[in-house]
Amino acid sequence: MITFFLTGTTVETQNLIMKKIVESKFKILSIDGGGIKGIFPAKFLASLEEEIGEGQTHKHFDLICGTSTGGIIALALSLGIPAKEILKLYQDNAKTIFGSGNWNIVKKPFYNNKPLEKLIRDIFKKYHDTDEDPRINDALNKVKLLIPTYSLVDGGTQVLKTPHTSDLILDKHIPMYMAAMATSAAPTYFNAYSNRFKRIDSDTIEDFSNKVDGGVYANNPSMLGIIEATTRLEQKLDNIQLLSLGTGQYKYEEAKTKKMWSVMYWVWLKKKRIFELFMQSQAQLVHNSVNILHQFNDDFLYKRIDLEFNHNFKVKMDETNPNKLKMLSQKAVRIFQTEGKYVLDTFCSSSVPVA
(Lines give C-alpha, C1' and ligand atoms only; values in the text may rest on other atoms or scores of the structure.)
Protein backbone atom coordinates (compact mmCIF):
# COMPACT_ATOMS: atom_id res chain seq x y z
CA MET A 1 0.00 0.00 0.00
CA ILE A 2 1.37 3.44 -0.97
CA THR A 3 1.70 5.49 2.22
CA PHE A 4 4.65 7.81 1.61
CA PHE A 5 4.26 11.60 1.78
CA LEU A 6 5.74 13.77 -0.96
CA THR A 7 7.33 16.68 0.93
CA GLY A 8 8.10 19.95 -0.78
CA THR A 9 5.57 19.44 -3.60
CA THR A 10 2.25 21.07 -4.38
CA VAL A 11 -1.03 19.21 -4.20
CA GLU A 12 -1.24 19.33 -7.99
CA THR A 13 2.20 17.75 -8.33
CA GLN A 14 1.35 15.06 -5.80
CA ASN A 15 -1.86 14.26 -7.68
CA LEU A 16 0.06 14.06 -10.95
CA ILE A 17 2.62 11.69 -9.43
CA MET A 18 -0.09 9.52 -7.94
CA LYS A 19 -1.87 9.44 -11.31
CA LYS A 20 1.30 8.20 -13.01
CA ILE A 21 1.67 5.52 -10.33
CA VAL A 22 -1.90 4.34 -11.00
CA GLU A 23 -1.30 4.38 -14.76
CA SER A 24 1.81 2.22 -14.37
CA LYS A 25 -0.15 -0.62 -12.78
CA PHE A 26 -0.47 -3.81 -14.82
CA LYS A 27 -4.18 -4.44 -15.25
CA ILE A 28 -5.73 -7.85 -15.92
CA LEU A 29 -9.32 -8.61 -16.88
CA SER A 30 -10.36 -12.23 -16.35
CA ILE A 31 -13.71 -13.66 -17.49
CA ASP A 32 -15.05 -17.07 -16.40
CA GLY A 33 -16.68 -19.73 -18.53
CA GLY A 34 -20.33 -20.62 -18.16
CA GLY A 35 -22.16 -20.99 -21.47
CA ILE A 36 -25.13 -18.67 -21.94
CA LYS A 37 -24.43 -17.28 -18.47
CA GLY A 38 -21.89 -15.11 -20.28
CA ILE A 39 -24.83 -12.69 -20.36
CA PHE A 40 -23.82 -11.63 -16.85
CA PRO A 41 -20.24 -10.41 -17.59
CA ALA A 42 -21.33 -9.12 -21.02
CA LYS A 43 -24.02 -6.94 -19.43
CA PHE A 44 -21.67 -5.77 -16.68
CA LEU A 45 -19.11 -4.75 -19.31
CA ALA A 46 -21.81 -3.12 -21.44
CA SER A 47 -22.75 -0.99 -18.42
CA LEU A 48 -19.08 -0.17 -17.95
CA GLU A 49 -18.77 0.89 -21.58
CA GLU A 50 -21.69 3.28 -21.17
CA GLU A 51 -19.23 5.29 -19.07
CA ILE A 52 -15.92 4.72 -20.90
CA GLY A 53 -17.19 4.44 -24.47
CA GLU A 54 -18.47 1.53 -26.54
CA GLY A 55 -15.80 -0.92 -27.59
CA GLN A 56 -13.20 0.74 -25.36
CA THR A 57 -12.69 -1.94 -22.68
CA HIS A 58 -9.50 -3.27 -24.31
CA LYS A 59 -7.86 0.15 -23.88
CA HIS A 60 -7.98 -0.12 -20.10
CA PHE A 61 -6.33 -3.52 -19.61
CA ASP A 62 -2.89 -4.90 -20.40
CA LEU A 63 -4.02 -8.53 -20.40
CA ILE A 64 -7.44 -10.11 -20.96
CA CYS A 65 -7.99 -13.76 -20.02
CA GLY A 66 -11.14 -15.63 -20.95
CA THR A 67 -12.30 -19.23 -20.80
CA SER A 68 -15.18 -20.74 -22.81
CA THR A 69 -17.91 -18.07 -23.01
CA GLY A 70 -15.40 -15.78 -21.30
CA GLY A 71 -12.96 -16.57 -24.10
CA ILE A 72 -15.53 -15.53 -26.70
CA ILE A 73 -16.03 -12.24 -24.84
CA ALA A 74 -12.28 -11.68 -24.39
CA LEU A 75 -11.58 -12.18 -28.10
CA ALA A 76 -14.47 -9.89 -29.03
CA LEU A 77 -13.27 -7.16 -26.67
CA SER A 78 -9.78 -7.34 -28.17
CA LEU A 79 -11.30 -6.49 -31.57
CA GLY A 80 -13.09 -3.46 -30.15
CA ILE A 81 -16.50 -5.11 -30.42
CA PRO A 82 -18.88 -3.28 -28.04
CA ALA A 83 -19.90 -5.41 -25.08
CA LYS A 84 -23.55 -4.63 -25.84
CA GLU A 85 -23.13 -6.41 -29.19
CA ILE A 86 -21.80 -9.52 -27.47
CA LEU A 87 -24.72 -9.32 -25.05
CA LYS A 88 -27.16 -9.02 -27.94
CA LEU A 89 -25.62 -12.04 -29.66
CA TYR A 90 -26.30 -14.15 -26.55
CA GLN A 91 -29.77 -12.77 -25.84
CA ASP A 92 -31.01 -13.07 -29.43
CA ASN A 93 -29.51 -16.47 -30.17
CA ALA A 94 -29.82 -18.60 -27.03
CA LYS A 95 -32.30 -20.90 -28.78
CA THR A 96 -30.15 -21.02 -31.90
CA ILE A 97 -27.13 -22.14 -29.86
CA PHE A 98 -28.92 -24.40 -27.36
CA GLY A 99 -32.36 -24.78 -28.91
CA SER A 100 -32.84 -28.19 -30.50
CA GLY A 101 -31.05 -30.58 -28.18
CA ASN A 102 -30.00 -34.00 -29.40
CA TRP A 103 -31.43 -36.94 -27.46
CA ASN A 104 -29.28 -39.59 -29.14
CA ILE A 105 -26.45 -38.99 -26.69
CA VAL A 106 -24.90 -42.40 -27.34
CA LYS A 107 -23.66 -41.14 -30.72
CA LYS A 108 -23.76 -37.32 -30.52
CA PRO A 109 -23.23 -34.43 -28.10
CA PHE A 110 -26.26 -32.50 -26.86
CA TYR A 111 -25.88 -29.65 -29.38
CA ASN A 112 -24.54 -28.92 -32.85
CA ASN A 113 -21.72 -26.35 -32.71
CA LYS A 114 -22.16 -25.07 -36.28
CA PRO A 115 -24.76 -22.36 -35.45
CA LEU A 116 -22.45 -20.97 -32.74
CA GLU A 117 -19.48 -21.04 -35.11
CA LYS A 118 -21.38 -19.01 -37.73
CA LEU A 119 -22.54 -16.44 -35.18
CA ILE A 120 -19.04 -15.90 -33.81
CA ARG A 121 -17.35 -15.85 -37.19
CA ASP A 122 -19.83 -13.32 -38.58
CA ILE A 123 -19.55 -10.85 -35.68
CA PHE A 124 -15.74 -11.09 -35.58
CA LYS A 125 -15.49 -10.38 -39.33
CA LYS A 126 -18.02 -7.54 -39.05
CA TYR A 127 -15.71 -5.61 -36.74
CA HIS A 128 -12.49 -6.39 -38.60
CA ASP A 129 -10.90 -3.99 -41.09
CA THR A 130 -10.74 -6.54 -43.92
CA ASP A 131 -12.93 -9.31 -45.29
CA GLU A 132 -10.52 -11.88 -43.84
CA ASP A 133 -11.13 -13.65 -40.55
CA PRO A 134 -9.24 -11.79 -37.80
CA ARG A 135 -6.36 -13.71 -36.24
CA ILE A 136 -5.16 -13.70 -32.63
CA ASN A 137 -2.42 -11.40 -33.90
CA ASP A 138 -5.09 -8.78 -34.71
CA ALA A 139 -5.94 -7.91 -31.10
CA LEU A 140 -6.32 -4.12 -31.00
CA ASN A 141 -4.15 -1.73 -28.99
CA LYS A 142 -1.72 -4.64 -28.54
CA VAL A 143 -3.80 -5.96 -25.63
CA LYS A 144 -2.45 -9.34 -24.61
CA LEU A 145 -4.73 -12.38 -24.61
CA LEU A 146 -4.84 -15.72 -22.80
CA ILE A 147 -7.46 -18.20 -24.07
CA PRO A 148 -7.34 -21.63 -22.35
CA THR A 149 -8.30 -24.78 -24.21
CA TYR A 150 -7.43 -28.45 -23.88
CA SER A 151 -5.82 -30.45 -26.68
CA LEU A 152 -6.95 -34.05 -26.91
CA VAL A 153 -4.28 -34.64 -29.56
CA ASP A 154 -1.52 -33.84 -27.07
CA GLY A 155 -3.43 -34.96 -24.00
CA GLY A 156 -2.61 -31.70 -22.25
CA THR A 157 -3.59 -28.15 -21.45
CA GLN A 158 -3.04 -25.42 -24.02
CA VAL A 159 -3.30 -21.66 -23.58
CA LEU A 160 -3.63 -19.69 -26.80
CA LYS A 161 -1.72 -16.41 -26.57
CA THR A 162 -1.03 -13.24 -28.49
CA PRO A 163 2.65 -12.89 -29.52
CA HIS A 164 3.51 -10.68 -26.56
CA THR A 165 6.96 -12.24 -26.27
CA SER A 166 9.30 -13.34 -29.03
CA ASP A 167 8.92 -17.08 -28.36
CA LEU A 168 5.14 -17.04 -28.96
CA ILE A 169 5.17 -17.66 -32.68
CA LEU A 170 2.34 -20.04 -33.63
CA ASP A 171 -0.88 -18.98 -31.89
CA LYS A 172 -0.89 -15.59 -33.62
CA HIS A 173 -1.87 -17.30 -36.89
CA ILE A 174 -5.03 -18.90 -35.47
CA PRO A 175 -8.30 -17.27 -36.62
CA MET A 176 -10.09 -15.82 -33.63
CA TYR A 177 -13.31 -17.66 -34.34
CA MET A 178 -11.43 -20.98 -34.17
CA ALA A 179 -9.91 -19.99 -30.83
CA ALA A 180 -13.38 -19.08 -29.59
CA MET A 181 -14.83 -22.40 -30.72
CA ALA A 182 -11.95 -24.34 -29.18
CA THR A 183 -12.20 -22.76 -25.74
CA SER A 184 -16.00 -23.19 -25.66
CA ALA A 185 -16.22 -26.80 -26.88
CA ALA A 186 -17.63 -28.09 -23.61
CA PRO A 187 -17.62 -31.92 -23.41
CA THR A 188 -21.10 -33.44 -23.75
CA TYR A 189 -22.51 -30.08 -24.91
CA PHE A 190 -20.53 -29.81 -28.18
CA ASN A 191 -18.15 -31.81 -30.32
CA ALA A 192 -14.45 -31.38 -29.73
CA TYR A 193 -13.47 -28.66 -32.20
CA SER A 194 -11.31 -29.37 -35.24
CA ASN A 195 -10.34 -27.19 -38.19
CA ARG A 196 -7.35 -26.10 -40.28
CA PHE A 197 -5.84 -22.69 -40.95
CA LYS A 198 -3.24 -21.13 -43.21
CA ARG A 199 -0.39 -19.24 -41.60
CA ILE A 200 -0.33 -15.47 -42.06
CA ASP A 201 3.14 -15.36 -43.62
CA SER A 202 3.02 -18.42 -45.89
CA ASP A 203 0.81 -21.04 -47.54
CA THR A 204 1.58 -23.54 -44.80
CA ILE A 205 -1.56 -25.27 -43.53
CA GLU A 206 -1.73 -26.07 -39.81
CA ASP A 207 -4.04 -28.59 -38.17
CA PHE A 208 -6.12 -27.35 -35.26
CA SER A 209 -7.65 -30.57 -34.00
CA ASN A 210 -9.66 -32.03 -31.14
CA LYS A 211 -9.78 -29.00 -28.85
CA VAL A 212 -12.15 -28.95 -25.90
CA ASP A 213 -13.31 -26.35 -23.42
CA GLY A 214 -10.61 -24.72 -21.30
CA GLY A 215 -13.08 -24.89 -18.43
CA VAL A 216 -12.02 -28.49 -17.79
CA TYR A 217 -9.00 -27.03 -15.98
CA ALA A 218 -9.25 -23.21 -15.94
CA ASN A 219 -12.88 -22.15 -15.87
CA ASN A 220 -11.71 -19.13 -13.88
CA PRO A 221 -8.50 -18.10 -15.69
CA SER A 222 -7.42 -15.51 -13.12
CA MET A 223 -4.47 -17.55 -11.88
CA LEU A 224 -3.24 -18.08 -15.43
CA GLY A 225 -3.22 -14.32 -15.83
CA ILE A 226 -1.25 -13.78 -12.64
CA ILE A 227 1.31 -16.43 -13.60
CA GLU A 228 1.72 -14.96 -17.11
CA ALA A 229 2.15 -11.47 -15.70
CA THR A 230 4.65 -12.40 -12.98
CA THR A 231 6.77 -14.73 -15.13
CA ARG A 232 6.79 -14.13 -18.87
CA LEU A 233 5.78 -10.46 -18.56
CA GLU A 234 8.07 -9.82 -15.55
CA GLN A 235 5.55 -7.95 -13.41
CA LYS A 236 5.77 -7.91 -9.62
CA LEU A 237 2.64 -9.12 -7.87
CA ASP A 238 2.28 -5.84 -6.01
CA ASN A 239 2.08 -4.00 -9.34
CA ILE A 240 -0.90 -6.04 -10.58
CA GLN A 241 -4.58 -5.09 -10.51
CA LEU A 242 -6.95 -7.94 -11.34
CA LEU A 243 -10.63 -7.64 -12.19
CA SER A 244 -12.29 -11.07 -12.31
CA LEU A 245 -15.82 -11.49 -13.69
CA GLY A 246 -17.78 -14.64 -12.92
CA THR A 247 -20.89 -16.01 -14.60
CA GLY A 248 -22.87 -16.97 -11.51
CA GLN A 249 -22.29 -19.77 -9.03
CA TYR A 250 -24.69 -22.30 -7.58
CA LYS A 251 -23.65 -24.26 -4.52
CA TYR A 252 -24.21 -27.94 -5.16
CA GLU A 253 -25.66 -29.22 -1.91
CA GLU A 254 -27.27 -32.60 -1.41
CA ALA A 255 -28.32 -33.31 2.15
CA LYS A 256 -30.33 -36.41 1.35
CA THR A 257 -28.54 -39.70 1.96
CA LYS A 258 -28.43 -41.89 -1.13
CA LYS A 259 -27.65 -45.57 -1.31
CA MET A 260 -26.68 -45.16 -4.93
CA TRP A 261 -25.33 -42.04 -6.65
CA SER A 262 -26.37 -43.13 -10.11
CA VAL A 263 -24.80 -42.09 -13.38
CA MET A 264 -28.11 -40.51 -14.36
CA TYR A 265 -28.04 -38.32 -11.24
CA TRP A 266 -24.89 -36.65 -12.58
CA VAL A 267 -25.60 -36.62 -16.32
CA TRP A 268 -29.39 -36.35 -16.41
CA LEU A 269 -30.28 -34.44 -19.58
CA LYS A 270 -32.13 -31.61 -17.88
CA LYS A 271 -29.44 -30.82 -15.29
CA LYS A 272 -26.04 -32.09 -16.46
CA ARG A 273 -24.71 -31.71 -12.94
CA ILE A 274 -21.28 -33.25 -13.48
CA PHE A 275 -19.79 -30.68 -15.85
CA GLU A 276 -21.16 -27.65 -14.03
CA LEU A 277 -19.91 -29.11 -10.73
CA PHE A 278 -16.36 -29.50 -12.07
CA MET A 279 -16.30 -26.03 -13.60
CA GLN A 280 -17.75 -24.25 -10.60
CA SER A 281 -15.54 -26.00 -8.05
CA GLN A 282 -12.46 -25.08 -10.09
CA ALA A 283 -13.59 -21.45 -10.30
CA GLN A 284 -14.16 -21.36 -6.55
CA LEU A 285 -10.71 -22.81 -5.86
CA VAL A 286 -9.02 -20.17 -8.02
CA HIS A 287 -10.98 -17.37 -6.37
CA ASN A 288 -10.03 -18.60 -2.91
CA SER A 289 -6.36 -18.94 -3.91
CA VAL A 290 -6.14 -15.50 -5.50
CA ASN A 291 -7.93 -13.99 -2.53
CA ILE A 292 -5.26 -15.45 -0.24
CA LEU A 293 -2.57 -13.79 -2.37
CA HIS A 294 -4.44 -10.51 -1.93
CA GLN A 295 -4.73 -10.95 1.83
CA PHE A 296 -0.96 -11.42 2.14
CA ASN A 297 -0.09 -8.58 -0.21
CA ASP A 298 -2.13 -5.39 0.15
CA ASP A 299 -0.55 -3.87 -2.94
CA PHE A 300 -1.86 -6.67 -5.15
CA LEU A 301 -5.35 -5.44 -5.96
CA TYR A 302 -8.01 -8.09 -6.59
CA LYS A 303 -11.69 -7.52 -7.31
CA ARG A 304 -14.10 -10.38 -7.99
CA ILE A 305 -17.54 -9.64 -9.46
CA ASP A 306 -19.97 -12.55 -9.37
CA LEU A 307 -23.41 -13.56 -8.15
CA GLU A 308 -24.69 -16.60 -6.32
CA PHE A 309 -27.74 -18.50 -7.51
CA ASN A 310 -30.19 -20.16 -5.15
CA HIS A 311 -33.22 -22.44 -5.38
CA ASN A 312 -35.39 -19.46 -6.37
CA PHE A 313 -33.22 -18.40 -9.28
CA LYS A 314 -30.71 -20.49 -11.17
CA VAL A 315 -29.50 -20.25 -14.76
CA LYS A 316 -28.09 -23.30 -16.53
CA MET A 317 -25.18 -23.17 -18.96
CA ASP A 318 -27.59 -24.01 -21.79
CA GLU A 319 -30.55 -21.97 -20.51
CA THR A 320 -32.97 -20.70 -23.18
CA ASN A 321 -35.80 -19.34 -21.02
CA PRO A 322 -35.98 -15.66 -22.07
CA ASN A 323 -37.36 -14.54 -18.70
CA LYS A 324 -34.43 -16.10 -16.84
CA LEU A 325 -31.93 -14.59 -19.26
CA LYS A 326 -33.55 -11.19 -18.84
CA MET A 327 -33.39 -11.51 -15.06
CA LEU A 328 -29.70 -12.46 -15.27
CA SER A 329 -29.03 -9.29 -17.26
CA GLN A 330 -30.98 -7.24 -14.72
CA LYS A 331 -28.93 -8.69 -11.88
CA ALA A 332 -25.76 -7.59 -13.67
CA VAL A 333 -27.15 -4.04 -13.83
CA ARG A 334 -27.94 -4.03 -10.12
CA ILE A 335 -24.46 -5.28 -9.24
CA PHE A 336 -22.94 -2.62 -11.50
CA GLN A 337 -24.88 0.00 -9.56
CA THR A 338 -23.02 -0.99 -6.39
CA GLU A 339 -19.64 -1.98 -7.85
CA GLY A 340 -19.40 0.15 -10.98
CA LYS A 341 -17.88 3.28 -9.45
CA TYR A 342 -15.09 1.28 -7.82
CA VAL A 343 -14.31 -0.53 -11.08
CA LEU A 344 -14.34 2.74 -13.04
CA ASP A 345 -12.10 4.54 -10.54
CA THR A 346 -9.68 1.64 -10.13
CA PHE A 347 -9.41 0.09 -13.57
CA CYS A 348 -10.70 2.67 -16.03
CA SER A 349 -9.45 6.03 -14.77
CA SER A 350 -6.97 6.09 -17.66
CA SER A 351 -6.19 4.06 -20.75
CA VAL A 352 -3.30 1.63 -20.87
CA PRO A 353 -0.56 3.12 -23.09
CA VAL A 354 0.31 1.24 -26.28
CA ALA A 355 3.60 -0.62 -25.93
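1. Strand 3 pairs with strand 6 (residues 205-213) in the antiparallel sense over three bridges, where strands are DSSP runs of E with at least two residues, numbered from the N terminus, and two strands pair if DSSP finds at least two bridges between them.

2. The model is predicted, with local features needing pLDDT of at least 70 and side-chain atom pairs counting only at pLDDT 80 or more, while totals for chains, interfaces and linings use all residues. Residues are numbered from 1 along each chain as its sequence is written, and side-chain values use heavy atoms, leaving out hydrogens and water.

3. Strand 3 (residues 144-151) also runs antiparallel to strand 4 (residues 156-161), to which six bridges join it, and Tyr150 has Thr157 as its bridge partner in strand 4. These two strands form a hairpin with four residues between them, and Gly155 in the turn has a positive phi of about 65°.

4. With strand 2 (residues 63-66), strand 3 runs parallel, joined by three bridges, and the bridge partner of Cys65 in strand 3 is Leu146.

5. As for burial, seven of the eight residues of strand 3 are buried, meaning under 20% relative accessible area with a 1.4 Å probe and protein chains only.

Definitions and conventions. Buried < 20%, exposed > 50% of the residue type's maximum accessible area, 1.4 Å probe, protein only.
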